[in-house]
Structures are given as C-alpha cells and as structure tokens.
Amino acid sequence: MKDLFEKIYRDKGPLGKWAAQAEGYFVFPKLEGQISNRMKFQGKDVITWSINDYLGLANNPEVRKVDAEAAAAYGSAYPMGARMMSGHTDLHEKLQEELAAFVNKEAAYLLNFGYQGMVSTIDALVSKDDVIVYDVDAHACIIDGVRLHMGKRFTYKHNDVESLEKNLERATKMAEHTGGGILVISEGVFGMRGEQGRLKEIVALKEKFQFRLFVDDAHGFGTLGATGAGTGEEQGVQDDIDVYFATFAKSMASTGAFIAADKEIIDYLKYNLRSQMFAKSLQMQLVVGALKRLDMLRTMPELKKNLWTIVDALQSGLKDRGFDIGTTQSCVTPVYLKGSIPEAMALVRDLRENYGIFCSIVVYPVIPKGLILLRMIPTATHTLVDVKETLDAFDAIRERLENGTYKRMSAALIAAMGE
Ligand SMILES: Cc1ncc(COP(=O)(O)O)c(C=O)c1O
C-alpha cells in the first residue's frame, strides 16, 4: 500500500511546482503599507493594480473610523455561536434588510465568506433529482459547490448562450426523468477576463425552458448598474435573477458576503445553509463595517464615478496603444501578451523593479499555453498620473518582449538555476 503523502512528495501540483522560482515574488508577494493605489513591494514604491478595492473604501478615513470603533465596542468575538443558536443580532438583521433593498430583492442572508457561502448555497438549493447547468469557466467556488451535488450536472461553453440552450435541452430531459428542477449558475462578471455573464440572454431562455438562475456577482456588485446594484441592474434583469450573490471582499473592501432572493427562498436557506448553521456568525465589527460601506455605496455615487474614470482611461489608453485587452465589459482589465512562462516572469520582474508597476500575472494552466495575462484592477484611488505611468511602462515592456530581451533574460535565469 502507498503512503498517502507519496503523491504530495512527488508532485506539488501545476502551480506548486513553480514555488521555488515564484514564491514571495510572483505568488504570495507581500505588499506593504496602507491599501491604496501606491504601496511598497520589497521596499520599493509600486503602483498597485492587483487589489479589488474597487471603490477605494479599504483605507477611507470614515470607514477606518467606523471599523475601529466597532472593534473597540465589540472586539472580534461577538456574537458567539452560529446565527441559529446564539450568534444572531439586530444589526445582522438590519444589514440583511439594507442589502436586500439595495439589490432590489425581498430578503437577504449573510455569509461568513463568499467562497464557502457559494458552495453551501448551491448545496442547499439542489437535491439529488435536480440538474445543474453552469458556465465551464465558473469561479472555483461554483465548481466546488457543484462537486457536492449528488445529481446530474452539465457545463456549457463559456458565456455561450447557444451551448447553454443545448445543455438546457439535455437538462430538461434529465429533470423530467428524475422529477427534479434545473439550476443555472453564471457569474455576473467573469473575474479573470472581465466579460459580463450574458444574463439578459440567459434570462430570455426562461421563456423556453423552466429553470432558476443563480448569479455570483462578486465583481459586479458596487461597480455596475445605475445604483451599483450589480450586473443584473446593468443589464435590466435583476428581477429575473432568482438568487443573487455578492461578496464583501471586493467593492466593500471587507470580509463576508450575502445572498438575496425572494423571502421564502431566504427563509428556506436560513434553515438549510450548512455553512451558516454550523459555523460562527459573521463578527459584529464586520457587520457594522458593512453597514457603513453600504451606506457609502448608496449615498456617494462619486466613488463609482471616480472608479469608472480610471477604468475608461486605462482601458481606452491600452486599446489606443494597440494592446489586446480581450472582451472585458467591466473594471477588470486584462492585457494579453504572447510569451512563455519564463518570459512572463522576466517581464513582470522588469515591470516591478524598473517601472514600479505591480499587477497580477496569470499563465498556463489558468489560460492557454503561450499566453501571458497581466490582470489589472483599477480602483477609485488610482489617478490619471498612475494610468499614464502604467501605459508608458506597458509600451516599454512590450517592446522588450518583442525584441527578445525577456527571452534572453529568462534563458540566462534558467541556465543559472541549472548550475
Ligand atoms: C467570482 C467570485 N466568487 C466568490 C468569491 C469568493 O468570495 P470571498 O473572498 O468572500 O470568499 C470570489 C473571490 O473573492 C470571486 O471572485
């Protein structure tokens, strides 16, 4: 018999195998200083394009004050226990009511973490006779939620409504056979490439098929829609989203999440959502902090306006200079370049060390081999000077990528590693 750990000693996984070259720099980097457009990385000032603080609330003085006062008043323990047992409070309820009103749903329920809450919500919504149909590029939390499902599931091609329709036909046959229903799951905004889920077209399929729609709007909440209520509002279909999800980890710059739906559905989830029934309630300091943030989302439209000024300047600047930013329809700004993983490493090192630009880098196996994706998240704290500096830096690194500089640098690096 094999030792359980044998495979771990042998194979660190597709990303883990790069740990020696990547850790501390490309992965697990330590950004220091207050969360903002400019922070420190390894002692150097960098413009940070990798933090999901869309509206710039993370370090807003009013937010920081409320967070600090809540921490002083409640500490990090209160309330103790799961919501159902001893962890329920008026403020949890108040936040839920305000969130529901903000996203135009009858009711909402708080989740401790978005990831775990998504997994648990999917688990609670389906029984073994039901069929799930979901986008093949869905976030890991959706994939993990689907993994718990004991019944049938189908994926459809990424954001491809024709493929969804084909799979709905298969799912309908299956559900008719099992006597169950159908749950379709999409993201509001796909966080890697920035496209909006085609919610309007998905919703239109409700005329032809019977299903319920669950939308993970992590990146849309606070950034899209006239009032910031997200992708459903942006596309005019919020009412047709049966269960709406958003996390506090992005535009709310905090921790926690929520789901919103008709009251009867939320009432059911309250009693069946295992991640909340068997885990400690969201800390009060986070609840108080979320109330403050939500109030700012509601009453300070200039936050979203400032965000979009930066998004527009960055995206149109990149396009004008001939960069491929794919099909983004949101703040998420990808820049696609062609190159190998070692070239990508040399390029990002150059960007950080010589141009003071910090952005995330995504390579195979997350995206196809031979592509480098530099993923940028603009925020309301960035300035047009940050954008200009970044665009100039991108011009310079593209030239060096194309003239083979990074190929030579990476070859030297690989040779040094071999010695
Ligand atoms: C699309 C999507 N869903 C869910 C999550 C998980 O949310 P949380 O960070 O609150 O666990 C994330 C990442 O934060 C995300 O990008």
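In the predicted model, Ile265, Ile266 and Leu269 of helix α10 are buried. These three residues lie on the same side of α10, because the arc they cover around the helix axis is only 95°. Lys263, Glu264 and Tyr271, on the other side of α10, are exposed. The cover over the buried residues of α10 includes strands β4, β9 and β10 as well as helix α5.

The sheet to which these strands belong is open and consists of 7 strands with mixed pairing, arranged in the order β4-β10-β9-β8-β7-β5-β6. Its edges are formed by β4 (107-111) and β6 (152-156), each of which pairs on one side only. On average, and with direction ignored, neighbouring strands of this sheet are turned by 20° against each other. Helix α4, spanning residues 90-102, packs on the sheet and touches β4 and β10 (257-261). The direction of α4 makes an angle of about 125° with that of β4. Helix α10, which comprises residues 263-272, likewise packs on this sheet, with β4, β9 and β10 as the strands touched. For α10, the angle to the direction of β4 is about 30°.

The shell around the ligand contains 13 residues, of which Gly114, Tyr115, Ala218, Thr247 and Ala249 come nearest. By composition, the shell divides into 7 nonpolar, 4 polar and 2 charged residues. Helix α5 (residues 114-125) gives the most to this shell, contributing 3 residues. Helix α5 is also among the elements that cover the buried residues of α10.

A further open sheet is built from 4 strands in the order β1-β2-β3-β12, again with mixed pairing. At its edges stand β1 (31-32) and β12 (357-358); each has a single partner strand, so one side of each is left without a neighbour in the sheet. Strands β2 (residues 38-41) and β3 (residues 44-48) run antiparallel and are joined by 4 bridges. Arginine 38 has isoleucine 47 in β3 as its bridge partner.

Conventions: Residues numbered from 1 in each chain as written. Predicted model: local features only at pLDDT ≥ 70, side-chain atom pairs only at ≥ 80, totals over all residues. Pairing = 2+ DSSP bridges. Helix = DSSP H or I, 4+ residues; strand = E, 2+ residues; numbered from the N terminus. Axes fitted to C-alpha atoms, helices over the stretch in contact; angles between N-to-C directions. Contact = placed C-beta atoms within 7 Å. Near = placed C-beta within 6 Å. Nonpolar A, V, L, I, M, F, W, Y, C, P; charged D, E, K, R; others polar. Buried ≥ 20, exposed ≤ 12 C-beta atoms within 10 Å, placed from the backbone. Arc of directions from axis to C-beta.
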